[in-house]
Amino acid sequence: MTVTRAWIILVGLSALSTLVAASGLDGRWLAAAVLPLAGLKGHVILNYYLQLALAPEIARGFSLVLGLFIALLIGLSILPSA
Amino acid sequence: MKYQTQKIALAYFAVAMALFAVQVTMGLVLGYIYISPNFLAEILPFNVGRMLHTNSLVVWLLLGFFGAAYYLIPEESEREIHSPMLAYLQLAIFVLGTAGVVVTYLFNLFDGNFVLGNEGREFIEQPRWVKVGIVVAALIFLYNISMTVLAGKKTAITNILLLGLWILSLLFLFAFVNPDNLALDKMYWWYIVHLWVEGTWELVMASILAFLMLKLTGVDREVVEKWLYVIAALALFSGILGTGHHYLWIGTPGYWQWIGSIFSTMEVVPFFAMMSFAFVMVWKGRRDHPNKAALLWSLGCGTLAFFGAGVWGFLHTLHGVNYYTHGTQITAAHGHLAFYGAYVCLNLAIISYAMPVLRGRDPYNQVLNMASFWLMSGGVVFMTFTLTFAGTVQTHLQRVNGEAYMDVQDQLWIFYAMRFGSGVAVVLGAILFIYAVTMPRKEVIERGLETPAE
Amino acid sequence: MTALHSLSFSQVSSGGPGGDAPPASPSAQAPDRPDPFDKLPGEFMMWVLIVSELLVFGAGLVAFLALRITDPTGFAEAQSHLHRVGAGINTIALVTSGWLAALAVQAVEAGRIARMRTLLAPAAALGMVFLVLKASEYADLAAAGISFETHAFFTFHILLTGFHAAHVLAGIVLLALVGILARPRAVETGAAFWHMVDLVWVLLFPVVYLL
């Protein structure tokens with residue numbers, strides 16, 4: 001994937017987040033929708049801006065930790081609105 | 001010994017070990033005061049004894065660092081030290097200043113005098129004339145080693161060592177900043193106390209450890225340097241804002257609680273890196289260096305520093321925890337193991353490595369030295385546990401149940417008694433160490449002596 | 001005693017005369033297995049910094065959301081004072097700036113210095129746009145009498161976005177420096193820092209501004 005395609009995806013994901021936030025969705029559903037989008041953006045930046053895709057083993061490690069981190073954030077943000 | 005001026009280190013190490021003996025002896029006296037509080041109350045009040053215990057520690061560790069610098073810089077930069085005369089002058093100033101502090105405190109002289117009187121601030125209580133002396137000595141030292149390094153080869157080890165020693169010396173200038181406002185006073189105070197032991201000293205530690213690993217394991221310099229840079233970066237990244245964990249309750253704004261908690265938690269990382277560094281180098285290296293005692297102290301340094309500074313530090317660094325544990329024996333437990341693991345072991349490692357070379361008696365008497373490691377380390381670790389338990393009980397009784405301070409102290413007696421016992425082991429270990437590196441003239445156990453067990 | 005004897009025997013016997021430079025055994029170095037970290041693209045020390053920064057900001061975000069559990073309404077009320085739209089625009093500004101910086105790395109690697117500079121200039125300019133929008137938010141908060149101490153939300157908001165903004169500023173300076181230096185390695189390292197700033201923002205933005 002080229003960096004330009006990565007940029008298009010990032011802008012697209014940002015637009016999607018904005019749409020979700022503007023849709024009036026709130027509370028746990030907002031968190032469950034928006035945070036994974038942020039995780040995806042992080043994944044794209046790590047792999048294609050920072051070129052971790054060239055080192056797949058390390059990229060997998062980063063993705064795993066990023067995924068767990070996003071899951072933790074979702075867990076924490078679901079609690080208050082539960 | 002390749003360079004004659006490395007001999008300077010011998011004088012520094014000798015004074016350092018003499019002060020080491022003073023430090024642990026005072027520690028034993030203080031430990032006894034904890035179980036029998038009126039002991040020496042008239043002659044040596046607790047606060048003066050404690051000052052001697054902590055100040056002699058700091059001074060001997062610094063002298064050890066200076067000695068280490070004078071020992072390793074000629075080898076690294078492949079040059080003789082710029083001026084041996086200045087190096088001895090520097091040592092003389094330190095010895096005079098130290099004696100001045102001790103006399104001023106013991107006899108409570110010149111109280112209130114701006115130049116001659118003590119300043120009464122924990123760790124930087126030296127009379128002003130001594131502080132000026134320390135600055136002069138530090139300038140001499142920096143001039144001397146910088147000239148040496150600038151004229152010779154520059155390696156990662158000398159770079160990081162010089163960086164650490166320069167910032168360390170500059171930070172000491174805050175000893176002259178003494179605002180009337182106690183909160184501000186403490187704020188600047190930590191610029192020295194914290195940024196030394198959790199910043200610049202770590203750089204010194206990492207570079208000395210790197211030198212030892214290079215010599216003892218024979219791993220490529222390139223590999224050692226990579227580790228050294230990473231450790232130095234991690235130490236500064238976490239350590240500088242980690243100062244915030246001292247700003248939790250001194251009157252600084254509330255956001256310091258979060259900055260302090262988060263960055264000081266990160267401070268575990270460089271200590272973990274140093275421990276990993278030592279072990280990975282030993283595994284990677286194939287060189288079977290005969291000085292096993294120096295290797296033992298180096299590995300012990302990495303390991304005990306990680307537990308003492310890293311784990312025991314993290315134990316009470318989060319402000320939610322520290323709200324309860326602040327100033328209890330938990331702090332004492334952390335302080336003892338951290339200083340011992342990180343800086344005492346480091347100094348004893350470089351001394352164990354350098355002394356046989358300096359005295360032309362290559363590896364001798366390893367067994368006694370190694371026995372002293374286990375005796376001293378065992379003592380400090382046991383002490384750490386007794387104090388940790390004492391601190392846990394104290395936190396509960398005093399901070400949770402709200403009992404009075406002295407009532408709680410009475411109930412901690414059993415822990416203090418056990419701590420005294422471990423202190424005896426530490427003092428015996430220290431004496432054994434000093435004997436092992438100074439006295440024996442030949443190898444105690446020689447080749448071929450091995451006999452079957454009976 | 002036997003243990004002591006054999007222990008000391010192995011030490012003394014293997015060393016030869018050396019204290020300083022004992023003879024190394026034939027293979028003084030273990031055969032090096034390929035170090036997985038050598039595969040990291042770019043400057044290794046920058047990765048050490050990136051991971052350190054991610055840990056700090058990550059811990060900050062976790063603490064923020066954990067504290068929010070204790071006062072969801074207070075946090076929601078406080079959040080309504082922020083510039084959400086401005087922050088959204090800032091996301092676009094940073095990811096676009098990151099794209100330009102990534103293109104600049106490709107340009108300098110291809111030896112096209114002039115193109116690299118024409119790409120880094122707007123990248124840095126977008127960083128300035130970010131800072132201007134950020135400053136207008138801070139100014140409005142200050143005008144409303146809101147500070148660090150007003151509410152736990154703002155303690156975190158100002159700490160996290162303030163630290164981040166300081167990194168944006170540092171990043172702009174860094175991009176300018178590596179643009180002048182024009183060495184591929186330097187540009188790559190400067191861009192990596194810039195991507196880290198970008199990465200922190202895309203994680204920070206939804207947590208602080210949207211939830």
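Helix H2 (residues 27-49) of chain A has 23 residues, which should span 33 Å at 1.5 Å a residue; its end C-alpha atoms lie 32 Å apart, in agreement. Helices here are DSSP runs of H or I with at least four residues, numbered from the N terminus, and the expected span is 1.5 Å times one less than the number of residues. This is a predicted model, in which local features need pLDDT of at least 70 and side-chain atom pairs count only at pLDDT 80 or more, while totals for chains, interfaces and linings use all residues. Residues are numbered from 1 along each chain as its sequence is written, chains are lettered from A in the order written, and side-chain values use heavy atoms, without hydrogens and water.

| Helix | Residues | End-to-end C-alpha distance | Expected span |
|---|---|---|---|
| H2(B) | 46-77 | 46 Å | 46 Å |

After H2(A) comes Gln51(A), with a positive phi near 60°. Just after H2(B), Glu78(B) has a positive phi of about 55°. Of the 32 residues of H2(B), 29 are buried (under 20% relative accessible area, with exposed over 50% and partly exposed in between; 1.4 Å probe, protein chains only).

Val136(B), in helix H4 of chain B, is partly exposed, at 37% relative accessible area.

In chain C the mean pLDDT (the predictor's confidence in each residue, from 0 to 100) is 84, and 83% of residues reach 70 or more. Over residues 1-31 of chain C pLDDT stays under 50, and the model has 58 contacts beyond four places in sequence for them (contact: heavy atoms within 4.5 Å).

Definitions and conventions:
Helices (H or I, at least four residues) and strands (E, at least two) are DSSP runs, numbered from the N terminus.
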